[in-house]
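Take a look at the model below. This report covers its metal sites, a charged pair and the contact between its chains.

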Number of protein chains: 2
Amino acid sequence: VALAPGALAAGTPSLATLSSHGGAQRIANTPATGKAKNVILFIGDGMGDSEITVARDYLYGPGGTLEGIDKIGQAGATSAKETGVGQYTTYAAGDGSGDRRQQITAVTDSAASGSAWATGTKTYNNAVSVDNSFNPQMNLIELAKAKGLATGNVTTAEIQDATPAVMESHSTQRSCYGPQGKTDGSSDDSAKRCDVAQLKQNGGIGSISEQLLDTRADVTLGGGNKYFNQTAQAGEYKGMTLKEQAKTRGYQYFEDPAQLSSLKEANQDSPVLGLFSSGNMPTQYNESTPYDYDTAVKMSLAGQKDGNQSLVTCTQNSEWLGNKGASLADMTDKAIDLLSSNKNGKENGYFLQVEGASIDKQDHNANACGQIGETDDLDKAIAAALKKVDLSNTLIIVTADHAHTSQIVSWPTYYGLTTPLRSADGSALYVAYATSSSPMDKGGSMSHTGTQLRIAASGPGASRVNGLTDQTDNFFTIAKTLGLA
Amino acid sequence: VALAPGALAAGTPSLATLSSHGGAQRIANTPATGKAKNVILFIGDGMGDSEITVARDYLYGPGGTLEGIDKIGQAGATSAKETGVGQYTTYAAGDGSGDRRQQITAVTDSAASGSAWATGTKTYNNAVSVDNSFNPQMNLIELAKAKGLATGNVTTAEIQDATPAVMESHSTQRSCYGPQGKTDGSSDDSAKRCDVAQLKQNGGIGSISEQLLDTRADVTLGGGNKYFNQTAQAGEYKGMTLKEQAKTRGYQYFEDPAQLSSLKEANQDSPVLGLFSSGNMPTQYNESTPYDYDTAVKMSLAGQKDGNQSLVTCTQNSEWLGNKGASLADMTDKAIDLLSSNKNGKENGYFLQVEGASIDKQDHNANACGQIGETDDLDKAIAAALKKVDLSNTLIIVTADHAHTSQIVSWPTYYGLTTPLRSADGSALYVAYATSSSPMDKGGSMSHTGTQLRIAASGPGASRVNGLTDQTDNFFTIAKTLGLA
Ligand SMILES: [Mg+2]
Ligand SMILES: [Mg+2]
Ligand SMILES: [Zn+2]
Ligand SMILES: [Zn+2]
Ligand SMILES: [Zn+2]
Ligand SMILES: [Zn+2]
């Protein structure tokens, strides 16, 4: 049902305004400040203030300080002369691509939110850099390439997942991973996963993976190599797998994380495409259990008697790619090296997006240790960037795409599930989960949340990140600072 | 169980450091910037980022802007030349005054958190401006008075409640409301509510209400007048009720909110003490119901068919004191008038704390409309202050004491309780509650949460509010800006 204009209270912007390009900006009139040669945008998927605090509390105690996240946006914490920090709003302009597309929804998915900062256009949940009318919107990597900048896209997720996808493609459905849909190439579910008009055999621009190869960032690193076993169904590379296509088109395509450290260059003749896992990358920490009330209370009472020794501590996952030289910090470090030594990067600068993807995925799973380890992985990546870049010509922005479910509570909760953790300082940390719409033991998934969340920036242009912004403002901050718009 | 020093991970500050005066500061080395003549500190009790967003989404739509809260800390949104914004940490140094006092706890109560910004000392849950060893710590009203400033303390709660109490008293237990404990004077539970050594008959400094009269702010406005029917048990005013004592000591004591508008002056000869309700003040909106999963889903599905007409909209409470001229905006407006025209205020400036107390109380009750109305009441108070003060000599700070339980979710939750609301723009807003440790229909209370939250400031000294701070930093920001420390 469409909303009657008469239903709008005074001071309530209309959907038509909010879903137009730039229409949801909160600081449209704020001038661009410094010009940066380079911008690195760090996204913690699902990293709301609660997720940041959970990680800080567990890893360093509530009075401690995260190595990277807490330094960005803080005057004096780095060499940056310009800093900015604030909160930003993340709502979407519609709830899915069907009937409810043209209705504001207070809770965004990763696709609408990523599209917002990638293109400056508020759109519907499920949209990958297309607007509410399905029109493709230029994204920051396309705009940066058009101005001769080097570009990079790094994630711990499948490279076709929404957050990296918004920088490499335009898709009316986020699940349109490849020409054969979301399969490993041994079957085809593209009719279900894609708007069929978008497929190449129907004259469309193709799937997310095919557009990724067209977009041709200098450096692309992530997971999801199984989808590259799919075969193009039409076009110049018809009949080739995407891996073959990548190699044919000059990509340095590789899957072994041990090769990362030996890479020497990445450019438009020979872009780097490293896909190190079949799906999402393994997490840094092993999974923890979210307990029901009775169990969590028993553990917590025991903890009060034994100095919290009865509580949960997180353990390293042997499968984590950081053990093989491909932590998010390793990938970030290498991407910065490659982009800054690349001819375009040297002359014109670079734009790099780095995503810590699985904070979100483990929050969905009510996996406290999982989300903490992934937040740490992102934190270390930011710290690695801080060691490497010159903040007099490079702007670093740290934020998230939406907040998430985890809450720090004072005692295990009756209604939900709680993981009672023992923090670095020996204190108890009760992390609660309760937002799924079905039981977790029957496949439930905890919900994204709609709260405003932290955005922080250090370097030229950072002061445009100030007070209350919307995530579409982030597009304009980056575009203006790099001179793209 | 005491923590062994050896248990501390690298970079994890010790409890001894964190609980010393100033020891939990995150920006101790950040210089004071501007000097302000006046400071107004607005506290939304329990107003985390989620509570701010719930109110904005409901009242103005997710793309809308709050009238006061969203303007503070934002460059260009007011006439302030200096602004600051960031996140701050709120953990406590101990969990209650007993055995577990000397252990960091990730979730603070209102007493420890208020003590932190009132005194600069991180302390235990339950402490009212005393440290972890029960030593009284000077609070901002005492320090401001010592420098000749005018002072005010305004709240929608009982005036003895923790947030106002930290500015008027020092008490090892927050429940020590009066010489007869927490009663209306017809009985005495002081042995249970107070550390008996603190009572006047035992040579102590007396209860919170008695210390309030000793502290003698120029303007004190709030609820809780039933406790002023208690009778002093010892000391100069032995045998008098607290109301009689107030009048005897020169206070303009009154209980009728209609008298607020006619007040002409407030000073040390004749301070204003207005207590407009027997307990906490009535809320602006009537209570809403948090529904179980099945009911909330039924309503939400119906809402999808009827333009969300089946969802909840909030209604005005006829008992709200704003109907009688004593909204929080009215009280704030009057307090500013009285303090700025007072001789001390004119010459030396003023310090005023204004609390919107019942965001917290209604969040505890899983009352979405309640918390929204109280956030609006605070928002309007900030807007009223913005209309009145000169931001070239007055610093306004807006923050909270801790975050709270309400979450904006994408659909009613299986585990918890959900109120599906219809927002100003006609969209659905699902607010979920699930953190209590017992069922709500058996007296449960939703939990405070431990996430970092927003602090924002406009006016001279505001830029000291920057990046990640701790709530103890707020004490030093105010004290340095006013020249108190
Ligand atoms: Mg993502
Ligand atoms: Mg309070
Ligand atoms: Zn996401
Ligand atoms: Zn997600
Ligand atoms: Zn509180
Ligand atoms: Zn509370």
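How far apart are the magnesium ion (ligand 1) and the zinc ion (ligand 3), and which residue coordinates both? They are 4.6 Å apart, and D45(A) coordinates both.

The model is predicted: local features need pLDDT of at least 70, side-chain atom pairs count only at pLDDT 80 or more, and totals for chains, interfaces and linings use all residues. Residues are numbered from 1 along each chain as its sequence is written, chains are lettered from A and ligands numbered from 1 in the order in which they are written, and side-chain values use heavy atoms, with hydrogens and water left out.

**Metal sites**

Donors are N, O and S atoms within 2.8 Å of the metal (3.2 Å for Na, K and Ca); water is not among the atoms, so sites may look incomplete. Two sites are set out here.

| Ion | Protein donors | Distance | Spacing |
|---|---|---|---|
| magnesium ion (ligand 1) | D45(A) (OD), T163(A) (OG1), E355(A) (OE) | 1.9 to 2.1 Å | D-x117-T-x191-E |
| zinc ion (ligand 4) | D360(A) (OD), D360(A) (OD), H364(A) (NE2), H448(A) (NE2) | 2.1 to 2.5 Å | D-x3-H-x83-H |

Start with the magnesium ion (ligand 1), which has D45(A) and E355(A) among its donors. D45(A) lies in the loop between β1 (38-44) and α2 (49-60) of chain A, and E355(A) in strand β7 (residues 350-356) of chain A, so the pair ties together parts that are 310 residues apart in sequence. Helices (H or I, at least four residues) and strands (E, at least two) are DSSP runs, numbered from the N terminus.

Now the zinc ion (ligand 4). Its four donor atoms subtend angles of 55 to 147°, which makes the arrangement irregular. Four donors count as tetrahedral if all angles lie between 85 and 135 degrees; four count as square planar and six as octahedral if opposite donors are over 155 degrees apart and all others between 65 and 115; anything else is irregular. D360(A) and H364(A) are four residues apart in helix α12 (residues 358-364) of chain A, so about one helical turn separates them. The zinc ion (ligand 3) is 4.2 Å from the zinc ion (ligand 4).

**A charged pair**

D109(A) and R174(A) form a salt bridge (a side-chain nitrogen of Lys or Arg within 4 Å of a carboxyl oxygen of Asp or Glu). Their closest N and O atoms are 3.2 Å apart.

**Between the chains**

In contact (heavy atoms within 4.5 Å) are 82 residues of chain B and 82 residues of chain A. Between these chains the count of salt bridges is zero.
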